[in-house]
Amino acid sequence: VEDLFKQYALAPPTLRPTLSFAPTPSPAIIERYSFDDGTASASGSNNGVYFGTTAHPKAEYTVGPDGGYALLMHGDDWVDFPAALTANILGSTPRTICLWAQLDTIKDAALFEYGDHDTAETYGLWYTSDTVIRLQFYNADVNLDMSDVIDKGWHHYCLAYDGSKYFLYFDAKLRSTGAVALDTDNDGRGIFIGRGTGDGKMAKGTIDEVVIYKSAIALDVVE
């Protein structure tokens, strides 16, 4: 671990809030990606595929705040998970997507997104500025001011939907909730981690512990 910190010139990580996950089957986890084996593989068959550039042709990993591996993003690469991963969390069905993120560049950084970009039938989280995060919904996007809490340290995000209301949990606290009608579509590309469904919105930083649920989790699950 010390060698990895030296290799990537990393500062010691900020301790993150403690999470405890409720036992299955409640809530039901579709898939969980820890990246601790240095890949985007899953326990099932929904393995992620890394898409890079000439500058970054291979996925790179660094040390997450829990001491395990975390996915290093450079602002020009991302991970694409198969469409089967979101097959049961489309339309108006309940769902939750959680992840840890440490962003070196906040503005235009997408944490995750999936759905049909052309029809705006998407579901995701991305920063439109250094202080505003957008909850990407079907023609009902919500822009939240995060200036009092966001910085370039590690933070935990969960975006949940119960069929009629959304819940954004930030660092194990309810940050925002409200009524919204979703109709998330599947354009066959699956879910993107570290980028949006359209052009741009690429994350530069580190992402860890991606968890996808087929239900809307409650606050006590992430406390």
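Let's start at a hairpin. Strand 9 and strand 10 form it, with five residues between the strands. In this hairpin, N139 takes a positive phi near 55°. A word on terms: strands (E, at least two residues) and helices (H or I, at least four) are DSSP runs, numbered from the N terminus. Two strands pair if DSSP finds at least two bridges between them.

Before I go on, this is a predicted model: local features need pLDDT of at least 70, side-chain atom pairs count only at pLDDT 80 or more, and totals for chains, interfaces and linings use all residues. Residues are numbered from 1 along each chain as its sequence is written, and side-chain values use heavy atoms, with hydrogens and water left out.

Strand 9 and strand 10 are antiparallel, and four bridges pair them. Find R134: its bridge partner in strand 10 is N143.

Now look to the other side of strand 9. Strand 8, residues 121-127, runs antiparallel to strand 9, and four bridges join the two.

How many residues of strand 9 are buried? Four of the five, across residues 132-136, so strand 9 is largely enclosed by the rest of the structure. Buried means under 20% relative accessible area, exposed means over 50%, and partly exposed is in between, with a 1.4 Å probe and protein chains only.

Strand 5, residues 78-81, meets strand 14, residues 191-193, in the antiparallel sense over three bridges. There, F81 stands opposite I191 in strand 14.

On to the disulfide. The structure holds one, and a disulfide here is a pair of cysteine sulfur atoms within 2.5 Å. Which cysteines form it? C98 and C158, with their sulfur atoms 2.0 Å apart. The link is right-handed, with 115° about the S-S bond. C98 lies in strand 6 (residues 95-105) and C158 in strand 11 (residues 154-161), so the pair ties together parts that are 60 residues apart in sequence. C98 is buried at 1% relative accessible area. C158 is buried too, at 0%.

Now the salt bridges. Side chains of opposite charge can pair when their charged atoms come close. The rule is a side-chain nitrogen of Lys or Arg within 4 Å of a carboxyl oxygen of Asp or Glu. By this rule the count is four.

First example: E209 with R32, where the closest N and O atoms are 3.4 Å apart. E209 sits in strand 15 (residues 204-213) and R32 in strand 1 (residues 29-33), so these are distant parts of the chain, 177 residues apart. Buried or exposed? E209 is buried, at 10% relative accessible area. R32 counts as partly exposed, at 35%.

Next example: K201 with E113, at 3.0 Å between the closest N and O atoms. K201 lies in the loop between strand 14 and strand 15, and E113 in strand 7 (residues 110-116), so the pair ties together parts 88 residues apart in sequence. Both K201 and E113 are buried.

Another example: R175 with D148, whose closest N and O atoms are 2.6 Å apart. R175 lies in strand 13 (residues 173-179) and D148 in the loop between strand 10 and strand 11, so the pair ties together parts 27 residues apart in sequence. R175 is partly exposed at 29% relative accessibility, while D148 counts as exposed at 56%.

Finally, the whole protein. It has two helices and 15 strands. Of its 223 residues, 50% count as buried.
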